[in-house]
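Subject: Structure handover

Hello,

Here is the structure I said I would pass on. My notes on it follow below.

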Amino acid sequence: MASLQEQFLKAGLVDKNKVKVAHQDKSKQQKAERRSGTQSVDEARVAALDTQRKNAERAREMNAQRDAAATQKAVLAQIAQMVQKNRQSKGAGELAYNFTHANKIERMYVSAAVQGHLIAGRLVIVCQGGVTELVPRIIADKIAERDASMVVRTSKAVAEVDADDPYAAFQIPDDLIW
């Protein structure tokens with residue numbers, strides 16, 4: 001069976017030049033479609049690469065969060081181990097020792113010897129999970145390096161005094177019992 005072009009040529013409806021021009025137009029159109037098709041493939045590739053980059057970025061963020069949580073958990077475990085190994089006895093608990101932690105006044109009952117060590121700064125109070133423990137100053141410094149919010153600073157640390165403070169001349173003694 002002959003193609004439609006050949007049939008039109010035999011019938012004399014078209015000449016060879018018109019067929020040639022139509023064939024060239026058709027090949028140009030096919031080339032243009034191929035070019036536009038490759039551009040759409042490139043756009044799809046760019047979109048796929050963009051999606052991969054976004055997924056990799058999200059995965060990095062998730063890994064960073066997971067690593068930070070694991071690091072925080074390890075630090076808390078180290079602190080708990082240091083407190084557990086180095087905690088000191090509070091004594092018989094005859095005297096109330098008041099201290100401030102997290103803007104609250106807390107009270108701990110200790111012996112007179114332990115109170116003297118606290119005032120001198122040889123023992124430091126560490127608050128961990130609502131439990132207060134006494135540890136030596138060296139251990140408290142190591143804990144403060146990891147998490148300073150757990151260590152209770154006693155009045156031994158000198159606070160800066162405002163120039164306008166009318167009570168600046170009246171110092172509070174270290175051994176004052178509230």
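In which strand is the place of glutamate 133? Glutamate 133 belongs to strand E4. Please keep in mind that this is a predicted model.

Glutamate 133 counts as buried, because its relative accessibility is 16% and the cut-off for buried is under 20%. Apart from neighbours within four places in sequence, the residues in contact with glutamate 133 are Val83, Arg87, Val124, Ile125 and Val126.

Now the sheet around that residue. Strand E4 is part of an open sheet of three strands, ordered E4-E3-E5, with antiparallel pairing. Its edge strands are E4 (131-136) and E5 (151-152), each of which pairs on one side only. E3 covers residues 123-128 and is joined to E4 by six bridges, the two running antiparallel. One of the pairs across them is glutamine 128 with valine 131, the latter in E4.

Two helices go with this sheet. Helix H3, residues 112-120, lies across E3 and E4 and runs at about 90° to E3. Helix H4, residues 137-146, packs on the sheet and touches E3, E4 and E5. The direction of H4 makes about 120° with that of E4.

The other pair of strands is as follows. Strand E1 (residues 95-101) and strand E2 (residues 104-110) run antiparallel and are joined by seven bridges. Across this pair, asparagine 98 stands opposite arginine 107 in E2. E1 and E2 make a hairpin with two residues between them. Alanine 102, in the turn, has a positive phi of about 55°.

On the surface there is a nonpolar patch formed by Leu4, Phe8 and Leu13, which together have about 310 Å² of accessible area. Is leucine 4 buried or exposed? Leucine 4 counts as exposed, because its relative accessibility is 54% and exposed means over 50%. This residue lies in helix H1, residues 4-11.

Finally, the protein as a whole. There are four helices and five strands, and along the sequence they follow the pattern α-α-β-β-α-β-β-α-β. The protein has 178 residues, of which 19% count as buried. Its accessible surface comes to about 13700 Å², and 54% of that belongs to carbon and sulfur atoms. Of the contacts between residues at least 6 apart in sequence, 45% join residues at least 24 apart.

Regards

Key:
Residues are numbered from 1 along each chain as its sequence is written. This is a predicted model: local features need pLDDT of at least 70, side-chain atom pairs count only at pLDDT 80 or more; totals for chains, interfaces and linings use all residues. Side-chain values use heavy atoms; hydrogens and water are left out. Two strands pair if DSSP finds at least two bridges between them. Contact means heavy atoms within 4.5 Å. Axes are lines fitted to C-alpha atoms, for helices over the stretch in contact, and angles run from 0 to 180 degrees between N-to-C directions. Patches are made of residues with over 30% relative accessible area and no salt bridge: like charges are joined within 9 Å, nonpolar side chains (Val, Leu, Ile, Met, Phe, Trp, Tyr) within 5 Å. Accessible areas come from the Shrake-Rupley method with a 1.4 Å probe; for residues, only the protein chains shown count as cover. A salt bridge is a side-chain nitrogen of Lys or Arg within 4 Å of a carboxyl oxygen of Asp or Glu. Buried means under 20% relative accessible area, exposed over 50%, partly exposed in between (1.4 Å probe, protein chains only).
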